Each structure stands twice: as structure tokens, then as C-alpha cells.
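Here is a friendly walk through one model, from its strands to a pocket and a few backbone details. Keep the sequence and the structure open beside you as you read.

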Amino acid sequence: MSSPLHVLVIEDDPNVRLGCEQALQLAGITVDSVGSAEAGLPRLAPGFPGVVVTDMRLPGADGLSVVRRAHELDPDLPVIMITGHGDVTLAVEAMRSGAYDFIQKPFTPDLLVEVVRRALDKRGLALEVVELRRRLEQREGLDAALIGRSPQMERLRRLILDVAGQTVDVLIHGETGTGKELVARCLHDRGPRRKANFVALNCGGLPDNLLDSELFGHEAGAFTGAQKRRVGKIEHASGGTLFLDELESMPMGVQIKLLRVLQERVIERLGSNQLLPVDTRVVAATKDDLLELAGQGKFRADLYYRLNVVTIELPPLRERREDIPLLLEYFLLQAAQRFERPLPAVNPEQMNRLMAHGWPGNVRELRNVADCLVLGVANAVLATGGDAAGNALSLSEQVEHFERSLIDAELRRQGGNLSRAAEALHVAKTTLHDKIRKYGLGTREF
């Protein structure tokens, strides 16, 4: 948000207006005040950074008019109504028209501050969501596909940009759910092959005989049931990219044939003696250590070394926990749009549990948590806060990761302004600067 949240008080009684100002200022809340709706309404606009407190009875247009006009400008703008003892009916009408709450005269300063604080919290969250949605819509390039500000993600994006334009084959190594196919697509989309086909095949999802046919194709009559010629995945991806997932499950016989393709760039369809040239870039992915499997005789070492020219290591989510709040916000927005549900709020206890969880399913598991939050259904991660992988952080690690996420979120809210972020976090500017350096954050990127 470009400016701090504040309160606009619309009250024609000078004494009541002054009392509201003093109560809110003593509570550390910024406040402006005017004596009429005509003076206050021009100050309102969509995205107004605050809330409105208005008396029901005003000399010109009344408080109900303020509520209705504010609701027209911005349905999420909270308006708090001050009513007299006999104005309960009007207060009910105001609530139906979109008022956030109402306070009956006479009221205590504490009550006013309590209601205003709740409204400010609600408004702050709504404006953050709007700002996040705007940033997500403005994302371009790899920032839109590979979300995260951790050093690991910064290095990953740089490596993809360096490799995408080259003809070299690539091996992607990462745990289940870290986004291996997403990275393969980024390599394809950011390189000169993006206009040709991106073809994905899971090597573990097919029987051995079908995998051979899927990769290399076959001629009519090559085997029982082969009634017509079929173009294989390698040939179909010529000029583009072939993504082979779960490479570790590829049978030895198929590995030998794939190695020949990588070395000579030719294929033979099953049942044919004709060599067909192919210009296919292979991006293979695995969750296992292929060199270790080669030592055990379960994977061909020559194929491993042929693919290991460029290896991209994907970090598990537990090693970049500072990205969890940003990823969660992104997945919540996606889920809310997909399911046509309101965006849920994540309370501090839930966020603590998410930050401490081991994430054996990585980013895919976090996306499932976001879906459950939007749908309002139970989720084991939020219900227990346990670490399914047994990798929960120590207390000091949890504190550091959580502190980094809070600083990162506040810098984003303040557009990278160090002074405003320090004021909002109630820390000295020099202290915040030291922590920004400690956690590898930068203000320019915000």
C-alpha cells in the first residue's frame, strides 16, 4: 500500500469530533475529520487507504448517504456508523446498505478504538489482496512461473535463462512436487524452440513395450494390434522439447535406444529399418540419484553422463520456507478464482504451522493446503501442525524463517520503503537494514 491506513471521521458536533480524534490519536491511529458528508465524500475513492466513521445525523446529506456512496465506490470500504439512542432502525438499514458496524451514543473511547481497529485490520487485508492480485497480474517472465524471492529461486531463474537458449540436453533433479515439469516448460518457453511442440511423457506410467512404442513410434504391422503407422514422442517433439519424467524408471533396453538418439539424433520406428533424423531437445527429470543407481546396476552410467552436461537442482520447499507466504497467497488467489469462493484469511497460528511443516509433498502439497483453505475443508497440515517428514525446524530456525517472511511481507506492502517498513514493524531503521542484509532481502525488487 502506498500510504498508511487512517480514519476519516465525519461528525458535525465539534465536541464529539474532537473526542473521536483524541481517542484514536492516543491509540496511535492516524485520523482526519470533517464536519459534513459534503466535505468528506470527495475524499473517498476506490482503494481509499482506511475506514470511515460517520455520524448518522448530519446537517446536509446524512450518514446513510455516506454508507451508500462509499459502498458504490468500493464495496470493501468499511464504514462505521455513530447513531443516537433512538436510531436503531436507521442503523439496521445502514448495515443492510453495507455499513461495517455501528456504535450507539454515548460510547467510550475504548469501544471506538476497538471497533476501528477491527475495521482497519479488515481494510488492510482487503487492500493487500488487491495489491497482490495487481502484482500477480503484472508478473512477467520467470517471476510469473517460478514464484519465490529466496536465494535458491533467484539462482534457479538465472540458470534457466542461461540454459534456455542453448541446444544442450538438461537433467532436472528434485523431489516429488518441486515443479520439475514446470521448470522444463520454462526452458522450452524461454528458448528458440518455443514455437514447436513441448511433449511430456512419464516413463513410469507405461509398461515397457508401450513405452518403447510411445517414444519411437511404430510402423503398421510392427506388432499385434499395430494397425497403422504411429509417430512417436521423440519424432513429434522434433524442433521442440521432449520432457521425460521419472527417468529412473526407464527400462534398460529403452535406455540404450535413448542414448543412441542423444548421440546420433536419429530414430527408427518399431518395424522399420529407416533412420529418421530428429532435432529434439531432451529434458529429463528424476527424483533419485542416478549416479548411485548406476553404481547399483539399475541405470546406465553412459546415459547419465550424456544427460549430465547441465543439471538443474530444484530446492525442496523446506529449504526455502521464506517463500511459503508468497506461494500461499498465490495459490489462494488461484483457488478462490477457480472455485468462485471468497479469499480466506490465514491467521498467525496457521502460518506458524505452515512454516514449521516438513513439506514432503513440496509445492504441490502447499497448493493442496490452499485449496482446502478456500473450500473450508479440514487439512492435516493445519489441523496438527506436525511434520510428516520428520524435518520440523528448531525453534531458532522457525523464528528466523518467520521473521524473514514478516520483513519480506512488510517491505512488499510498503513498496520497498525502508523507513515506512521500519515504522510499521516498530524497529529501528538500522536494525531493519541489518536484518535485510542478514536474510538476503533487497528493497529495489519491491
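Predicted model: local features only at pLDDT ≥ 70, side-chain atom pairs only at ≥ 80, totals over all residues.

## A parallel pair: β4 and β5

Strand β4 (residues 79-83) runs parallel to β5, and four bridges join them. Within this pairing, Thr83 stands opposite Gln104 in β5. Two strands count as paired here if DSSP finds at least two bridges between them; helices (H or I, at least four residues) and strands (E, at least two) are DSSP runs, numbered from the N terminus.

Residues are numbered from 1 along each chain as its sequence is written, and side-chain values use heavy atoms, with hydrogens and water left out.

## The five-stranded sheet

Now to another sheet, an open one in which five parallel strands follow the order β7-β8-β11-β6-β12. β7 (198-202) and β12 (310-313) stand at the edges with a single partner strand each, so one side of each has no neighbour in the sheet. From one strand to the next, the twist averages 20°, with axes taken as lines fitted to C-alpha atoms (for helices over the stretch in contact) and angles running from 0 to 180 degrees between N-to-C directions.

Inside this sheet, β8 (residues 241-245) and β11 (residues 281-286) pair in the parallel sense over four bridges. Leu244 has Ala284 of β11 as its bridge partner.

## Aromatic pairs

How many aromatic pairs are there? The count comes to three, where rings of Phe, Tyr and Trp (its six-membered ring) pair if their centres lie within 6.5 Å, and planes under 30 degrees apart count as stacked, over 60 as edge-to-face and the rest as tilted. Phe198 and Phe243 form a stacked pair, 6.3 Å centre to centre with 20° between the planes. Phe198 belongs to strand β7 and Phe243 to strand β8, so the pair ties together parts that are 45 residues apart in sequence.

Phe198 counts as buried at 15% relative accessibility, and Phe243 is buried too, with a relative accessible area of 1%. Buried means under 20% relative accessible area, exposed over 50%, and partly exposed in between (1.4 Å probe, protein chains only).

## The second largest pocket

The second largest pocket is lined by 29 residues, and Gly177, Thr178, Gly179, Lys180 and Leu182 lie nearest its centre. Elements giving two or more residues to this lining are α6 (142-145), α7 (151-164), α8 (180-189), α14 (324-339) and α16 (362-375). A pocket, on a 1 Å grid over the protein atoms alone, is an open set of points where a 1.4 Å probe fits, with protein on both sides within 12 Å along at least five of seven lines; lining residues have an atom within 4 Å of a point.

## Backbone details

A cis peptide bond joins Lys105 and Pro106, with omega about -10°. Pro106 sits in the loop between β5 (101-104) and α5 (109-138).

Asn362, in helix α16, is not a glycine, yet its phi is positive, near 55°. Is Asn362 buried or exposed? Asn362 is buried, with a relative accessible area of 0%. His426 also has a positive phi, about 60°, although it is not a glycine. The loop between α19 (418-425) and α20 (429-438) holds His426, which counts as exposed at 74% relative accessibility.
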